[in-house]
Amino acid sequence: CGQDGIGVVPATDDEDLNTRLLGLFWRAVCSVDISRGMHLAESQRLFVSELFRYGESLVHFPTATAYKDSPAGPAVEIVDTDRMPVAGWFQKQNNVRQCVELDGFGRVAAYHVLKEHPRDNVFATPETVRVPVADANLVFRSDRRRPGQLRGVPWTVTVMSPVRMQEGFTNAGMDQAEMAACFGAFWTGDPNSSPVASASKSLFTDPDGNPLTRVEPGMFGVVNGKGQLTVTNSNLPGPNFQQAIMVMLRLVAAGLGISYASLARDYSQATFSATRAEVLEDRRGYRAIQHMVWEKHTLPWWRRMVRHWAATGQLELTAEQRARWLSDPGWLEQADAAYPGWDWVNPQQDATAAQIELDAGVLDPFTACSVRGLHYPDVLRQRLKAEKLELDMRAEMGLPAKSAPTPTRPTRPN
């Protein structure tokens, strides 16, 4: 899937077999859902969206029928969380709790899912479908899991109060600024003695004589009391408004486990080094989510696809390869994740740090390339192709071969 999603790189010990598996992958990657219209990267994004909004995501692996140019085979279905209500008539069964069926040992045996969305037909009796646990994964965050928990909670549950507080504070500040901008002056005293009472009495009442309550620009307000004209000051919502909003957003960012700058897109108070450290820390959290998508969504789909290709003959195997596959099914299903990479925050510093780690032996070329979303064999293959092309063109033009650069020893401080 390249930079858009998590791709699959076959990892058997047979390069020709890996090439053929990769070709089959690219044929199937554009139609992975049961309706054969969703790309693998779209399915992965939908999985993460459900996980973030509802705290859980049910991934179902049904068998789809042939449709258009897509043959029959395994598919990926992201089940809408609304189709798994925590209460309902079918929850009264002794072994079903919150749409989760348990066996005699308390282990998950199946999931009970509504056939259609509950709002599609509100007058019909809901019907459920039993999905065995072998064909589905109900994924939710485990770092906040409690004993006996069967369903997940939204990731934003810890920051709902700060978010609502921030929203209310923002609305109040904007309303205050709007009121200050609409009222230019107040006349304190008898309404009939105000400077504009005779000229614009319609501003205070409607045609039926009722007081006006709608705020409009240029409105003149009148209150009883001593006669005095006061001009309002519209420098609202005040100098501390922005600071208060920033404090609330920092609370929200801390609750979500991300940096303030990434949440608010506000880099006015940050230095370059601090922002770089925050970005690198955020990426560690994003990588954990990518691992979850790979292990619970993409890798199970890949294993089912490989078994399907081998069983239906779409993947041609020699007698030796087939015998090895039957004796060791996991050999044919081996694959590495091609995670989307990130650009360097500071190219010079990041490149220097990567080279130092490579020289020290704490980093290998495979990991260095995977951080950038690249596959080291592909990178090496392209480099060798470029070198061969340059040698051939130099020989064709009668030019001498390009000499390798002499390595320079780094200088040491005295």
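How many helices and strands make up the secondary structure of the protein? The count comes to eleven helices and 14 strands. Before I go on, please keep in mind that what we have here is a predicted model.

Okay, some overall figures. The protein has 414 residues, and 33% of them are buried. Now think about contacts between residues at least 6 apart in sequence: 65% of those join residues at least 24 apart.

Let's start with the sheet made of E5, E2 and E10. It's an open sheet of three strands, in the order E5-E2-E10, and the pairing is antiparallel. Which strands stand at the edges? Those are strand E5, residues 77–79, and E10. Each has a single partner strand, so one side of each is left without a neighbour in the sheet. Going from one strand to the next, the twist averages 25°.

Zoom in on one pair here. Strand E2, which covers residues 56–60, pairs with E5 over three bridges, in the antiparallel sense.

Staying with H6 for a moment, let's look at how it meets H1. Helix H1 is residues 15–28 and helix H6 is residues 272–312. Their axes come within 11 Å and cross at roughly 110°. The crossing in which H1 passes H6 is right-handed.

Which residues meet there? From H1 we have Leu21, Leu24, Phe25 and Ala28, and they meet Trp301, Trp302, Met305, Val306 and Trp309 in H6. Sorted by class, this contact has nine nonpolar residues, no polar ones and no charged ones.

On to the other sheet I picked. This one is open as well, with four strands in the order E6-E7-E8-E9 and antiparallel pairing. The edge strands are E6, residues 96–97, and E9, residues 128–132, and each of them pairs on one side only.

Let's walk across it, strand by strand. E6 and strand E7, residues 100–102, pair over two bridges in the antiparallel sense. Arg97 has Val100 in E7 as its bridge partner. Next, E7 and E8 pair over three bridges, again in the antiparallel sense. Here Glu101 has Ala110 in E8 as its bridge partner. E7 and E8 form a hairpin with five residues between the strands, and in that hairpin Gly106 takes a positive phi near 80°. Finally, E8 and E9 run antiparallel and are joined by five bridges. In that last pair, Leu114 stands opposite Thr128 in E9.

I'll finish with two single residues. First up is Trp325, in helix H7, residues 319–327. Is Trp325 buried or exposed? The cut-off for buried is under 20% relative accessible area, and at 11% relative accessibility Trp325 counts as buried. What is it in contact with, if we leave aside its neighbours within four places in sequence? Trp325 is in contact with Arg307, Ala310, Ala311, Leu317, Trp331 and Leu332. Take Arg307 from that list: Trp325 and Arg307 are 18 residues apart in sequence, and their C-alpha atoms are 9.6 Å apart in space.

The other residue is Thr158. Where is Thr158 found? Thr158 sits in the loop between strand E10, residues 136–140, and helix H3, residues 160–182. Its relative accessible area is 44%, so Thr158 is partly exposed. Thr158 and Gly255 are 97 residues apart along the chain, yet their C-alpha atoms are separated by 6.1 Å.

That's my tour, so let's open up the model and look around.

How values were computed. Residues are numbered from 1 along each chain as its sequence is written. This is a predicted model: local features need pLDDT of at least 70, side-chain atom pairs count only at pLDDT 80 or more; totals for chains, interfaces and linings use all residues. Side-chain values use heavy atoms; hydrogens and water are left out. Two strands pair if DSSP finds at least two bridges between them. Axes are lines fitted to C-alpha atoms, for helices over the stretch in contact, and angles run from 0 to 180 degrees between N-to-C directions. A crossing is left-handed if the near helix is turned anticlockwise from the far one by less than a right angle, and right-handed if clockwise. Contact means heavy atoms within 4.5 Å. Ala, Val, Leu, Ile, Met, Phe, Trp, Tyr, Cys and Pro count as nonpolar, Asp, Glu, Lys and Arg as charged, and the others, Gly among them, as polar. Buried means under 20% relative accessible area, exposed over 50%, partly exposed in between (1.4 Å probe, protein chains only).
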